[in-house]
Amino acid sequence: MALPALPKAELHLHIEGTLEPELAFALAARNGVPLPFADTEELRAAYDFADLQSFLDLYYALMAVLRTEQDFADLADAYLERAAAQGVRHAEVFFDPQAHTARGVPFGTVVEGLGRALEGAEERHGVSTRLIMCFLRDQSAESALATLEEARPHLDRITGVGLDSAEVGHPPAKFAEVFAAAAELGLRRVAHAGEEGPPEYVREALDVLGVERIDHGLRAMEDPELVARLVRERVPLTLCPLSNVRLRAVDTLADHPLRAMMDAGLLVTVNSDDPAYFGGYVGDNFHAVAGVLGLGPEEQRALARNSFEAAFLEDDEERRARYLAEVAAHPRDPRA
Ligand code: HPA
Ligand SMILES: [Zn+2]
């Protein structure tokens, strides 16, 4: 008998990156949107990325099939079902509103569709949720500010803001004003930094944007002083091992610094980033690193605890305590 999946929170997940080829083709048919691929097999064959940008090009192109509130609800519900099957009890979900509004899909269509699926997730899948709106860092600061304005009527659905898309050449400081405005509105703050960009971007995200978690943060390891600070301040890092291999931030999974980061005392978590594109959901990421980096059951349990500690659950500490108790009570594998 297989053991039940280890309970965990997923904190770094782009909902548009959960668009599986089968759903992409179903939505393309439903909406009459042509796709430049003959079938799912041909589409999957395109998932051979050289770097972040080569992935982003396909990621944005495929979003063309997402048009209606129902499309966004279906996308999120499909993710939540898969995530629940891999032990996810709490999911903090990113979305990229500018990628949709730029092609004529209203902000409200996106957020109401996603919001509908997320609010039903506890009952349908046993997963609690938060929604985090990301600004595209390769767009202008003005566009980010306009997006925050569009979000105002929907803030009851949005917990925080993030920063994603092409990193190099777009330092966090470019978004100082919109992050300050988001903080004024009571929104939590995170940012991608140190995926392809230098350690300086991690420092800037903390000092200029006031972020509470760093998404990726891999390249922080090049800067021992920064590592010491991240340890001292217990800044969570949301790592995505399979993503890092697919986008060539690391050569192979065996070269991934996850274990070194744990050993350095960093508060790291394991996440899936864009699971439809990178070969696995969060449980698959756990299995892969456990096998290749030799993480035993207690180390995996520590990663699961970290995920609940790093979650934005300050408004529901009872729930956080319940999830941590589930991790503690998770049955030990008698073979381990
Ligand atoms: O891995 C990523 N990095 C930056 N931006 C992104 N947008 C979706 N996935 C990613
Ligand atoms: Zn990401």
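1. D273 is buried, with 31 other C-beta atoms within 10 Å; a residue counts as buried if 20 or more other C-beta atoms, placed from the backbone, lie within 10 Å of its own. D273 sits in the loop between β8 (268-270) and α14 (275-278). Helices (H or I, at least four residues) and strands (E, at least two) are DSSP runs, numbered from the N terminus.

2. This is a predicted model, in which local features need pLDDT of at least 70, side-chain atom pairs count only at pLDDT 80 or more, and totals for chains, interfaces and linings use all residues. Residues are numbered from 1 along each chain as its sequence is written, while chains are lettered from A and ligands numbered from 1 in the order in which they are written.

3. Apart from neighbours within four places in sequence, D273 is in contact with H12, L13, H14, G17, C240, S243 and F278. Contact means that the two C-beta atoms, placed from the backbone, lie within 7 Å.

4. The unreviewed UniProt entry annotates H12, H14, H192 and D273 as "binding site". These residues span 262 residues in sequence, yet no two of their C-alpha atoms are more than 11.7 Å apart, so they gather at one spot. Such annotations may be inferred rather than shown by experiment.

5. H192 belongs to strand β5 (residues 188-193) and is buried, with 28 other C-beta atoms within 10 Å. Beyond four places in sequence, its contacts are L163, D164, E167, D215 and H216.

6. The residues surrounding ligand 1 include H14, D164, H192, S243 and D273; a residue is near the ligand if its C-beta atom, placed from the backbone, lies within 6 Å of it.

Technical notes. A residue is buried if 20 or more other C-beta atoms lie within 10 Å of its own, exposed if 12 or fewer, and partly exposed in between; C-beta atoms are placed from the backbone.
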